[in-house]
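This report goes through a two-chain model, one region at a time. The sequence and the structure come next.

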Amino acid sequence: MIPVLLRIALTNLRRDRVVQAMTFFLPIVFFSIFAGVFGSQGRDTTSRVRVAVVDEDHSPASERLIAALKKEGGLRVQTAARPPGVGPEERGPQRILDRERATQLVKDGTLPVAIVIPAGFGAGFGSFDGSAKAIELLSDSSDPVAPHVVSGLLQKTAMTGAPDLVSRQGIAMFEKYGGPLTPRQREAMDTWNRMQQDSTAGGTGADSTARAQVGGLLQVRVLDILGEKKNNPIVSFYAAGIAVMFLLFSASGAGGTLLDEVESGTLERLLTSHAGMGTVLAAKWLFIMLLGVFQITVMFLWGMLMFKLDFLPHLPGFFLMTFMTAGAAAGFGLVLATLCKSRQQLGGLSTILILTQSALGGSMFPRFLMPNSIKKIGNFTFNAHALDGYQAVFWRDARLIELWPQVAILAALTIVFMTVARALARRWETV
Amino acid sequence: MLESRAVDVLKVADARKSFGTTKALDGASLTLEQGEMLALLGPNGAGKTTLVRAIAGRVRLEGGSIELFGRNLDVSGRNGGGRESLGVVPQDIALYPLLTARENLDAWGRLHGVRSTDLGPRVDRALTWTALADRADEPIKRFSGGMKRRLNIACGILHEPRVVLLDEPTVGVDPQSRERIYEMLADLRNRGVSILLTTHQLEEAEARCQRIVIIDHGKAIAVGTLGELVERTVGTARRVTLTLDRPTGRALPGFEAGSSDTALVALVSDVAVELPSLLGEVHGTGSRVLDVEVRSPSLHAVYIHLTGRDLRE
C-alpha cells in the first residue's frame, strides 16, 4: 500500500511545477538573499556609510582628523555639497559644508549621518580631563546602524590618524598633574611622536584592529535630528514594511477572486450581462485598492495605540502614500491573477514573488543593512518605493509635494500593471 | 382556410467555428419559433455549447449569421450589442455563494440593466416563482442543488428577455426539482418567451419540447417534431416484446430473438390488428405468454440511430 501511495505522491510532485518551485527554488532564493545581506558584512561589497563632515574648528587636529576619515575604508566622506535645490546630476560649484547644510542633507535623507567638528575641538583634543569639545553626530535614527558605525570609526580614526597629538596631550596632562618630564624622557617621547606622525602621514588609517578597539578617546555626542521628537521611531519603519508585504498578499488573494469567478462561471455570466471585462477589472481593482487602504490604516492605528506610532500628525502623507501603494498593489494582484490558470498556481507564484520582493525591497530588514549590489536589485521591487515614501512621511516629515517621486513611480506601476492585466484577461473574453 | 405560420424569433444560419484544427461548428443552422421550447441535443463535443455561446455573443464565429427578431447580430465578437432581449442561463451555478437568494437576484438584475424602481417587485416575483420566498435571506451556499438551479434560471430572466438560452438546466437535480424547473419553463412559454435548451435528458426533451434539433460534428443533422424525426429515421412501427414461460424451441415467423431465450420481439405497424395473431402463434407452440410490452418509437432510438453508439470523448 505504502509504495503505491508514495508513487502517487511523487508523480503529483513531478507534475506540479508550483510545488517544485516552492520546495526547491524559494528556499534557495531566500538563502541567497539573506546570505547576500548578512554574509557580506565587512567585505568590500558592504555599503560604505556616506557621511558629511563640517569643520567649524579649522585647526591642525580637525584637518588631520578629516584627512584620516577620508582614508577610512568604511566611510564615504563629503565635505562640500551643492546648494539646496540643485540636484546631484546638475553641474555647478559645490560649497564647503556648514552645519545648516549638513543638517539639511540628513533631514532630506541624502545622508544618514553628518559629523560636526566644533570650534575649539583641536585645543582640547586628546585631553583626558573632560575639557575636550565633543564631536557632534547629526543622525537620522531611521537608520539606527549608521551613527554607531560612524561613532566607532571616529574613535578608531582619532587613534590611528593622530596618535602623536593624542600622545602629546597625554604627556601635557601628565606634566600638569605629575610634574615635568626629564630631558631624556622628553627626547624619547619626541622621537616616538615623530615616528607616529611619519607612519600615519602615508598610512591607510585602518591597519590595526587592536588600536581601533581602544575607543572612547573622542567625546561624541549623537543628535537625532529627525527622531528626537518622535515617540517610538522604529515602529513606523516596521509598520510600513509589514503592512506593504501583507498588502501584497491580500491584493493577490483578492485578485484570486477573478479566478474563482472563472471557475464558478460567474465571470462568463458577467460577460453576457452589461458588464464588460474592462468594467469587471476596474471594479476588482477599486475594491482591492480600498481593501488595502483599510488594511494599512488598521495596522497604523494599531501601531499608534499599542506602540505610540506618531500617526495622526502624518495623516495627509500617510493617505497619499497608502492610496498610491494600495492602488499599485491591487494592480499587481490582478496581474498575478490574470497570469495564473488556477488558485493553486496563484498561491504558489504570489508567495514566491511577494516574499522575494519583500526581502529585497526592505520589508523584512532595512535596506540600509544591505550591500549596494542587493540595494540596486531592490530598486526594482514594489516594496522599496512604497517604503521610501512611508519613510519620507514618518521620518522626514516630507510635504505632500516632496513625495512626487514615489507617487510617480507607484502611479506608473499601477498603469503598467493594469495594462498587462487587461491584456492577459483577453483570454476570458470572446474566443 | 388560412394556415397559421410560426414566427422565427432566432435564426442561426451556417455557423462556423474552429478551435485549432477542431471544427466545433461546421455550418450549423437552426430556427427558434415564437413561444416554443426547442431542445438542442447531441453527443459530448458535438457543438451544442459552442452554438449557444455564439448566440450569446461569447464565441466569435468565422462564418454564418445569427438573426434575433429579424435583426442581424454581430458575430465577430467586437460588438455584443443587440442581445438585450436574450437571456442566458449557464450550465454552471453561476451565482455568488455567500450572497443570499435576494442579493443574488438583485445583483444580477442590476447587471442586466433592470431599473431600480422595477427591481424590487421583480425580485419578489422571482422568489415566489422559484419557490424560494421563505429562504430569500439565506446565503445560497446552504441551498440544495435544485434550489440553486432554480435561482440560476431566475437570475437569467430578471430582465424579462423574450428569448432564453438554457444550457443543461436540470443536470444533477432530483425529480421533484426537475419537475419544478419544467413548470417554471412552461410558465415562461405561456408568457410568450421562446426557449432553446440543451440537454442530455432525452425523455424530458421528448415530453417537454415542441421541436428537437440534433447536432453532431458541428452541424444540425435532424430538425423537427418527435413524430417527424421518428418517421424520417427509425419509422413509426411499435416494438412488441413478449415474455414467455419457456423457450418456444423453434423460430417463429414475424419474430426476432429478444434479450433472452424466453423473450421474443416483433415490429408491428398496427397493434390492434397484428398483436392477436402474434399471440396465437406463440400459443400454438405450447408456451404461455407471461407479459406483453408495446413501445412506440422513442427519441432515444432516433438519437442512437442518428449519432451511433460510439463513445464521444
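## The sheet of chain A

In chain A, 5 strands make up an open sheet with mixed pairing, in the order 2-1-5-6-7. Strands here are DSSP runs of E with at least two residues, helices are runs of H or I with at least four, and both are numbered from the N terminus. Two strands count as paired if DSSP finds at least two bridges between them. The edges are taken by strand 2 (75-78) and strand 7 (220-224) of chain A; each has a single partner strand, so one side of each is left without a neighbour in the sheet. From one strand to the next the twist averages 25°. Axes are lines fitted to C-alpha atoms, for helices over the stretch in contact, and angles between N-to-C directions run from 0 to 180 degrees.

The model is predicted: local features need pLDDT of at least 70, side-chain atom pairs count only at pLDDT 80 or more, and totals for chains, interfaces and linings use all residues. Residues are numbered from 1 along each chain as its sequence is written, while chains are lettered from A and ligands numbered from 1 in the order in which they are written.

Strand 1 (residues 49-55) and strand 5 (residues 113-117) of chain A run parallel and are joined by 5 bridges.

Helix 3 (residues 60-71) of chain A lies across strand 1, strand 2 and strand 5 of chain A. Helix 3 of chain A runs at about 165° to strand 1 of chain A.

## Chain A as a whole

Chain A has 18 helices and 7 strands. Of its 431 residues, 38% are buried; a residue is buried if 20 or more other C-beta atoms lie within 10 Å of its own, exposed if 12 or fewer, and partly exposed in between, with C-beta atoms placed from the backbone. Helix 17 (residues 382-394) of chain A spans 19 Å from its first C-alpha to its last over 13 residues, close to the 18 Å expected at 1.5 Å a residue. That expected span is 1.5 Å times one less than the number of residues. In helix 17 of chain A, 13 of the 13 residues are buried, so this helix is largely enclosed by the rest of the structure.

The domain assignment divides chain A into domain 1 (49-224) and domain 2 (231-428); such bounds come from an automatic or database domain assignment. Contact between these domains involves 11 residues of domain 1 of chain A and 9 residues of domain 2 of chain A, where two residues are in contact if their C-beta atoms, placed from the backbone, lie within 7 Å. The side of domain 1 of chain A that touches domain 2 of chain A has 4 nonpolar, 3 polar and 4 charged residues. Ala, Val, Leu, Ile, Met, Phe, Trp, Tyr, Cys and Pro count as nonpolar, Asp, Glu, Lys and Arg as charged, and the others, Gly among them, as polar.

## Chain B: the antiparallel sheet

Chain B has 9 helices and 14 strands, and 36% of its 313 residues are buried. In chain B, 4 strands form an open antiparallel sheet in the order 2-1-4-5. Strand 2 and strand 5 (71-72) of chain B are at the edges with a single partner strand each, so one side of each is left without a neighbour in the sheet. Helix 1 (residues 48-55) of chain B packs on the sheet and touches strand 1, strand 2 and strand 4 (63-68) of chain B.

Strand 1 (residues 8-19) and strand 2 (residues 22-33) of chain B pair in the antiparallel sense over 9 bridges. Among the bridge partners are B:R16 with B:D26 and B:K17 with B:L25. The hairpin of these strands has 2 residues between them, and B:G20 takes a positive phi near 65° there.

## Chain B: domains and B:R295

The assignment for chain B gives domain 1 (8-232) and domain 2 (238-295). Their centres, taken over C-alpha atoms, are separated by 44 Å.

B:R295 belongs to strand 14 (residues 289-295) of chain B. Is B:R295 buried or exposed? B:R295 is exposed, with 10 other C-beta atoms within 10 Å. Leaving out residues up to four places away in sequence, B:R295 touches B:R238 and B:R239.

## Where the chains meet

The contact takes 15 residues from chain B and 13 residues from chain A. On the side of chain B that touches chain A, 8 residues are nonpolar, 4 polar and 3 charged.
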